[in-house]
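Have the coordinates open as you read.

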Amino acid sequence: MDLDQLAALRTPEGSAALAAAAVLAGGDPLAAASALRATGVPPALASAALTQAELRHRAVGKFGPAAAGMFLTRAGLEQATRRVVADRRAARLRAAGVRTLADLGCGLGADALAAARADIRVYGVEADPVTAAMAAANAAAAGLAELFTVECGDATTFDVSGVDGVFCDPARRRAGTGRRIFDPRAYSPPWDFVTGLAERVPRTVVKVAPGLDHALIPTGAEAEWVSVDGDLVEAALWCGELAEVTRRATLYRQEAAGDGVRCHQLTGSGAAEAPVGPPRRYLYDPDPAVVRAHLVAELAGELDATLGDPSIAYLYADRPTRTPYARCLEITDVLPFSLKRLRTLLRDRRVGRVEILKRGSALTPEQLRRDLRLAGDTAASLVLTRVAGAPTVLICRPVD
């Protein structure tokens, strides 16, 4: 995608091509391109429209119905914040008194649009000209162009003295290759600039990769890890006046049909240690946001649970307790790991389907599944772990 192609897509002819591409998307790409060109759409416009239709289809899971009118890039979509997460972040900023916000590295504008929907005036800065133009187009499509404007430029030179809040989502992919950047010091803008923003603007939020090393968390900042339906999606650093706690795990879960998405939050110091003991009747597998936030000890306190090994984030308790922060399994057997013994036990119980969970085990689930030579009509959950340092397999069944 280039600026000329984007401009073409925003013409009446481009809008018609996008509408036709939306109908054709999802099938054979060559057939779709041929069908679109057969209606008189020029090849370059047909290709651009079909690419947007494909990306919009993928984006529904992040942005909902609004995705149908957005302009997207593959890399931008991958890094963009889900709407449910962005909306909550914007609400928190608004509640903290933020009325004008600089979005440094605004990308396609997902967070800026959420802030604008919360009636915050947003000034976006984006280094890539095409992405900046797409963000502006997305603001116009959402009817928010008066609240969210974009300039193409260097985020490090933007004057933040005129805003009362800053959001920064540094690029974590290399320009041109799209390869992930794992070292925060190689982010764009640079990590030193990003962490220094809080000294200039007391209300600063930084979105980071969920694998961020805890040692890089600035002193006094609140570190939040976010999961959506059990998938760890991002982390954020709430700096200065925005910091409320030391560590937070925020979980968004789709509830029963018609109940929508609910937000659950667990907070704590991130430094507490859970007690250790032998396996008990029930095993809890904590949500990855809880694990990454180092809040397993806080969860253990809520569940009256213990760890089987101080370095493994599985919890054990005597009774099942409903919690949004962990999945519960009932343990039927605890065995020192032995492939032969495990295979025999599963064969005797006619287990033909297994779910394999693991923490602290070097075994790969795919290879173990092949080695077990399963045959039968019942199912079981296998947990590969360590208990008091010893390789252990737990045979379990899910608990509603």
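A charge sits over a ring if NZ of Lys or CZ of Arg is within 6 Å of the ring centre and within 35 degrees of the ring normal. This is a predicted model: local features need pLDDT of at least 70, side-chain atom pairs count only at pLDDT 80 or more, and totals for chains, interfaces and linings use all residues. Residues are numbered from 1 along each chain as its sequence is written, and side-chain values use heavy atoms, leaving out hydrogens and water.

Q: Over which ring does the charged end of Arg56 sit?
A: The charged end of Arg56 lies 5.1 Å from the ring centre. Arg121 has its own ring, Tyr123, at 4.2 Å from the centre. For Arg56, the ring is that of Phe71.

Q: Is the pair of Tyr187 and Trp191 stacked or edge-to-face?
A: Rings of Phe, Tyr and Trp (its six-membered ring) pair if their centres lie within 6.5 Å; planes under 30 degrees apart are stacked, over 60 edge-to-face, the rest tilted. The structure holds one such aromatic pair. The centres of Tyr187 and Trp191 are 6.0 Å apart and the planes stand at 80°, so the pair is edge-to-face.

Q: Are Tyr187 and Trp191 buried or exposed?
A: Buried means under 20% relative accessible area, exposed over 50%, partly exposed in between (1.4 Å probe, protein chains only). By that rule, both Tyr187 and Trp191 are buried.

Q: Which strands stand at the edges of the sheet, each with a single partner strand?
A: Strands are DSSP runs of E, at least two residues; helices are runs of H or I, at least four; both are numbered from the N terminus. Two strands pair if DSSP finds at least two bridges between them. The open, mixed sheet has seven strands, ordered E11-E12-E10-E13-E16-E15-E14. One side of each edge strand has no neighbour in the sheet, because each has a single partner: these are E11 (306-307) and E14 (351-358).

Q: Which residue in E13 is the bridge partner of Asp285?
A: Strand E10 (residues 282-286) and strand E13 (residues 326-336) run antiparallel, joined by five bridges. In E13, Asp285 is partnered by Arg327.
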